[in-house]
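Me: I would like to go through the charged residues and a few local features of this model. Could you take my questions one by one?

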Amino acid sequence: MTLIKVLKGKIHGATVTDANVEYEGSITLDSVLMEAAGISGYEAVSVWNMTQGTRLETYAIPGPPGSGTVCLNGAAAIHNRKGDRVIVAAFAYMTQEEHRFFKPKITFVDADNRLVERKE
């Protein structure tokens, strides 16, 4: 059985609210946005910076619900600054058969990181 890696969910166009290099690592995300995008706490995520063009992998930590928090921590804070726009994406492995019926959870946010649209 062959598994393929597919996009499971993403938060598109979020604005970085803080960058804390002294934290031990990860990205803290508003838990409402995580749930909408199907991202679980401590799940590996890719962070693609739309402002600077950098890409990195880290893990997601749930932040306060409804806070709009998108905070890069640890080494990731060096490549992402407050005000940058980012895409946060999570992936899953599945069979071709599972993939035929699968739809990723795509979320779009406004400048305050409030959910404005969700596609599934």
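This is a predicted model: local features need pLDDT of at least 70, side-chain atom pairs count only at pLDDT 80 or more; totals for chains, interfaces and linings use all residues.

Me: Which strand holds Lys10?

Reply: Lys10 is found in strand β1, which covers residues 3–15.

Me: Is Lys10 buried or exposed, and how far away is the nearest side chain of opposite charge?

Reply: Lys10 is buried and has no salt bridge. The nearest side chain of opposite charge belongs to Glu117, 11 Å away. A salt bridge requires a side-chain nitrogen of Lys or Arg within 4 Å of a carboxyl oxygen of Asp or Glu, so Glu117 at 11 Å does not qualify as a partner for Lys10.

Me: What does Lys10 touch, then?

Reply: Leaving aside residues up to four places away in sequence, Lys10 touches Ala37, Ile87, Val88, Ala89, Lys105, Ile106 and Thr107.

Me: How many salt bridges are there by this rule?

Reply: The count comes to three. In general terms, side chains of opposite charge can pair when their charged atoms come close.

Me: Let us start with Lys8. Which residue is its partner?

Reply: Lys8 forms a salt bridge with Glu43, and the closest N and O atoms are 2.7 Å apart. Lys8 lies in strand β1, while Glu43 lies in the loop between α1 (31–37) and β4 (44–49), so this pair ties together parts that are 35 residues apart in sequence.

Me: Are Lys8 and Glu43 buried or exposed?

Reply: Lys8 is buried, at a relative accessible area of 18%. Glu43 also counts as buried, at 16%. Both assignments follow because buried means under 20% relative accessible area.

Me: And what does Glu97 pair with?

Reply: Its partner is Arg100, with an N to O distance of 3.0 Å in the salt bridge. Glu97 and Arg100 both lie in helix α3 (residues 96–100), three residues apart, or about one turn of the helix.

Me: How accessible are Glu97 and Arg100?

Reply: Glu97 is partly exposed, with a relative accessible area of 43%. Arg100 is exposed, with a value of 58%.

Me: Which residue does Arg118 bridge to?

Reply: Arg118 forms a salt bridge with Glu120, where the closest N and O atoms are 2.9 Å apart. Arg118 counts as partly exposed, at 39% relative accessibility, and Glu120 as exposed, at 57%.

Me: Changing topic to the backbone: what is the phi of Tyr42?

Reply: Tyr42 has a positive phi of about 70 degrees, although it is not a glycine. Tyr42 sits in the loop between α1 and β4. Its relative accessible area is 58%, so Tyr42 is exposed.

Me: Where is Asn113, and what is its phi?

Reply: Asn113 is in the loop between β8 (105–109) and β9 (115–119). Its phi is near 60 degrees, a positive value in a residue other than glycine. Asn113 counts as buried, at 2% relative accessibility.

Me: Last topic, the surface. Which residues form the nonpolar patch?

Reply: Met1, Leu3 and Tyr93 form a nonpolar patch on the surface, with about 440 Å² of accessible area together.

Me: Where is Met1 found, and is Met1 buried or exposed?

Reply: Met1 is found in the segment before β1. Met1 is exposed, with a relative accessible area of 86%.

Notes:
Residues are numbered from 1 along each chain as its sequence is written. Side-chain values use heavy atoms; hydrogens and water are left out. Helices (H or I, at least four residues) and strands (E, at least two) are DSSP runs, numbered from the N terminus. Buried means under 20% relative accessible area, exposed over 50%, partly exposed in between (1.4 Å probe, protein chains only). Lys and Arg count as positive and Asp and Glu as negative; His and the chain ends are not counted. Contact means heavy atoms within 4.5 Å. Patches are made of residues with over 30% relative accessible area and no salt bridge: like charges are joined within 9 Å, nonpolar side chains (Val, Leu, Ile, Met, Phe, Trp, Tyr) within 5 Å. Accessible areas come from the Shrake-Rupley method with a 1.4 Å probe; for residues, only the protein chains shown count as cover.
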